[in-house]
Amino acid sequence: MLHESTQNSRAMLIQLARLGDLVQSLPAIEALVDADPETPLDVLCSAPLATVLGEARNIGRVIPWDGARWRAWGEQWSEDPHGTLRAAQAYLAGLGESTYGRIYPLNQHNRSLLLTHLFSSPSVRADWDDRSEARIRPWAEYLRHIATHRGNNRVHLADAWCGMSGVRPRGRAPLFQPPAVELPDDLAPIGERQGLWIALVTGAGETDRCVSPATWGRWTKEFLTQTDAGQVVLIGSGRERETGQAILELVPTLLQGRVWDATGRTSIPQLMKLLHKCRWVIGADTGPLHLGTLMGSRAIGFYFSHARVHETGPYGEGHWVYQHATQAPPDSWPIRESIALICDDQRRAAADWTLWRNRMDHWGTSFDDGSEQERVEGARATVWRNLSPTLCESVAA
């Protein structure tokens, strides 16, 4: 069933991935709005994450997509196709009566392609399919190649999504104001007192990217021992409640008063407000780390397993990433080195890790370890000129 409407002057961006990917879609969203402010841009995203975009400026509707419900309908289709079809039609009708003359599907999988066709205007579908295919295919093939071969890519995923959407990066990172929500009473003092407030992300979306509670316990103890001004806020979902408790138990009793356990206790808007109150956010490559940069915190990432700094590092300028030398589980961690970076702005080498800092330019964000930056810049420019030559005509060689 096609979603019928006569409103074809709107555009839609589809992002069905997890929290970190939604945050890192914002450079493309903001660049699209800047490029064509007269065309309202709606964003379709996973329903539990729709509140992330509550502080986004100049976008139209945020359309929450209930993926769990659609998976359930897919499983029951063979048993009751007619009832399932009626339920799906009612769901689509409840989203409103808009179809779109332009759609930007950032996820190259079947669900995203289905939604593209459901919400495309019939009068422009064929023409738009041809034009969007010409724009999307080079970047989609490039991203698939990088994911498969793990080459020396230097184009950040957020910037590749800009290219896929037919716009150049704006050269600055998105920044949100904190939502107007109340925190639980015992968490309300966070950020209000004097101190060096650190948000510590206790978990990650994938098990192989999780830093162990023992490592975070050592980090917290070392940090609080070194600075009397230090305050640590443990953040995470309900699944990290045990992790938060395990970290707290590893901290000496006399220091526990400076550890605030917020794991599993905040909604997404409350988490955004907490992150805004912290000067730094530290964690693995995971959604809350990226959400912290959106709220104005500086970030330090521990990247290991399949996480790669150049593709999904914290977006913006002045963030740091320790990248592990191999995909094997780390034997040691840059605990003292990262604390020296936070407390004293000292850049120290760590065995089996490389340290990268990012910056912004007209190609988006990039990470520099102090070597071969000019060659890397040339490689980024070459990728853009090969994949989006029209967009690059106004950029000086």
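Where is the place of R168? R168 sits in the loop between helix 7 (157–164) and strand 5. The notes below set this residue and others in the context of the whole chain.

1. Basis of the note. This is a predicted model, in which local features need pLDDT of at least 70 and side-chain atom pairs count only at pLDDT 80 or more, while totals for chains, interfaces and linings use all residues. Residues are numbered from 1 along each chain as its sequence is written, and side-chain values use heavy atoms, with hydrogens and water left out.

2. Secondary structure and overall form. The protein chain contains 14 helices and 12 strands; these are DSSP runs numbered from the N terminus, with helices being H or I of at least four residues and strands E of at least two. For 397 residues, a compact globule would have a radius of gyration near 21 Å, and the 22 Å of the protein chain agrees with this. That radius is taken over C-alpha atoms, and the globule rule is 2.2 Å times the number of residues to the power 0.38. Along the principal axes, the C-alpha atoms fill a box of roughly 65 × 55 × 40 Å.

3. Burial and surface. Of the 397 residues, 54% count as buried. Buried means under 20% relative accessible area, exposed means over 50%, and partly exposed lies in between (1.4 Å probe, protein chains only). The accessible surface of the protein chain comes to about 18000 Å², and 49% of it belongs to carbon and sulfur atoms. Accessible areas come from the Shrake-Rupley method with a 1.4 Å probe, and for residues only the protein chains shown count as cover.

4. Contacts along the chain. Among contacts in the protein chain with a separation of 6 or more, 68% are accounted for by residues 24 or more positions apart. A contact means heavy atoms within 4.5 Å.

5. Nonpolar cores. The largest nonpolar core has 69 residues, and those with the most contacts inside it are L13, L41, L53, W139, V233, L275 and L291. Helix 2 (residues 26–35) gives the most to this core, with six residues. Apart from it lies another core, of 31 residues, among them V251, V259, A284 and L355. Such a core is a set of buried Ala, Val, Leu, Ile, Met, Phe, Trp, Tyr and Cys residues joined through side-chain atoms within 4.5 Å. Leaving aside neighbours within four places in sequence, L53 is in contact with L22, L26, V43, C45, I59 and V62.

6. Helix 10. This helix (residues 268–276) is mostly covered, with eight of its nine residues buried. The buried residues are I268, P269, Q270, L271, M272, K273, L274 and L275. They pack against strand 5 (196–201), strand 6 (230–235), strand 8 (280–284) and helix 11 (287–294).

7. Strand 9 and I300. I300 is located in strand 9 (residues 298–303) and counts as buried, because its relative accessibility is 0%. Not counting residues up to four places away in sequence, I300 touches W280, V281, I282, G283, L289, W320, Y322, S338, L341 and I342. The C-alpha atoms of I300 and E240 are separated by 20 Å, with the two residues 60 residues apart along the chain.

8. Two arginines in loops. R168 is partly exposed, with a relative accessible area of 26%. From S25, R168 is 143 residues away in sequence and 13 Å away in space, C-alpha to C-alpha. R239 lies in the loop between strand 6 and helix 9 (241–249) and counts as exposed, because its relative accessibility is 66%.

9. Two aspartates with positive phi. D345 and D352 both lie in the loop between helix 13 (335–344) and strand 11 (353–361). D345 has a positive phi of about 55° although it is not a glycine, and its relative accessible area of 55% makes this residue exposed. D352, also not a glycine, has a positive phi of about 70°; at 47% relative accessibility, D352 counts as partly exposed.

10. A buried loop residue. T227 is found in the loop between helix 8 (213–226) and strand 6. At 13% relative accessibility, T227 counts as buried. Leaving aside neighbours within four places in sequence, T227 is in contact with R258 and C343.
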